Amino acid sequence: MAQTHFGYKTVDETEKASKVAEVFHSVANKYDIMNDLMSGGMHRLWKHFTISKAAVRPGQKVLDIAGGTGDLSLSFAKSVGLERETGGQVWLTDINASMLGFGRNRLIDKGYYLPCVQVDAEQIPFPNNYFDLTTVAFGLRNMTHKEVALKEMLRVIKPGGKAMVLEFSKPVDALKPIYDAYSFKILPWLGEKVAGDSESYRYLAESIRMHPDQETLKTMMESVGFDKVEYHSLTGGIVALHIGYKY
């Protein structure tokens with residue numbers, strides 16, 4: 001049976017999805033609070049940068065993969081408009097029911113009634129060339145077969161469309177000692193004190209280290225068929241935004 005990584009552990013591929021699901025079921029109700037604490041609020045700036053680069057317009061169709069708490073979906077919905085008025089669509093999807101439910105409720109509280117669907121990014125249930133934009137923010141590293149998910153993202157975007165991957169990456173050397181100390185000492189401590197779950201946050205830190213660096217992910221996206229790929233390293237490379245284009 002094929003093996004894959006779950007943080008620093010090696011597990012059967014068939015086990016990874018359920019193990020990742022357990023992590024996000026555990027952290028869902030504290031996810032926003034922990035994001036602010038973990039990043040010092042920087043995650044909001046990273047997402048704002050992503051939204052600015054997306055530059056969606058009224059009437060466009062957007063697929064938000066592993067959309068979690070709905071931050072990106074909410075912003076995109078404000079830009080593309082209502083389907084009955086502009087033809088615009090924003091679909092919030094996540095493989096994890098707890099995260100999806102949290103995001104759906106948050107959107108409703110804001111007055112946005114968007115389609116929210118439980119979706120495995122490796123088997124996207126939409127036709128070819130349907131969306132103008134697909135996005136995944138801080139979700140790709142948890143997927144078992146990243147290349148399969150990226151190929152699916154490419155398949156469902158129209159020619160002229162793009163896919164955007166916002167994910168933790170590899171920081172510059174000067175930041176690594178501080179970043180490692182924070183990730184493996186302070187982060188699990190915060191997880192225990194705020195969310196009552198240190199192990200899930202230890203996994204999250206490990207999963208970041210196992211994720212491909214900027215150039216490797218760029219090459220991976222090119223290898224599945226994107227016609228052009230660029231990336232932007234943010235906050236010293238702690239996070240990177242990759243943009244893949246389909247011509």
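Guide: Let us begin with the contacts of one residue in this predicted model. Setting aside neighbours within four places in sequence, Thr 93 is in contact with Leu 63, Asp 64, Ile 65, Ala 66, Gly 67, Gly 68, Leu 100, Val 117 and Val 119. Thr 93 lies in strand β4.

Visitor: Is Thr 93 buried or exposed?

Guide: Burial is judged by relative accessible area, with buried meaning under 20%. Thr 93 has a relative accessible area of 0%, and is therefore buried.

Visitor: How far apart are Thr 93 and Val 117 in sequence and in space?

Guide: The two positions are separated by 24 residues in sequence, while their C-alpha atoms are 4.9 Å apart. For the chain, 70% of the contacts with a separation of 6 or more join residues 24 or more positions apart.

Visitor: Which residues touch the most other members of the largest nonpolar core?

Guide: A nonpolar core is a set of buried residues joined through side-chain atoms. The largest one here has 28 residues, and Trp 46, Phe 76, Leu 166, Phe 168 and Val 239 touch the most other members. Several elements each supply at least two residues, among them α3 (42–54), β4 (89–94) and β9 (239–245). Helix α4 contributes the most, with five residues.

Visitor: What else is found in the interior?

Guide: A second, separate core has 23 residues, including Val 156, Ile 157, Met 220 and Val 229. Across the chain of 247 residues, 51% are buried.

Notes: Residues are numbered from 1 along each chain as its sequence is written. This is a predicted model: local features need pLDDT of at least 70, side-chain atom pairs count only at pLDDT 80 or more; totals for chains, interfaces and linings use all residues. Side-chain values use heavy atoms; hydrogens and water are left out. A nonpolar core is a set of buried Ala, Val, Leu, Ile, Met, Phe, Trp, Tyr and Cys residues joined through side-chain atoms within 4.5 Å. Buried means under 20% relative accessible area, exposed over 50%, partly exposed in between (1.4 Å probe, protein chains only). Helices (H or I, at least four residues) and strands (E, at least two) are DSSP runs, numbered from the N terminus. Contact means heavy atoms within 4.5 Å.
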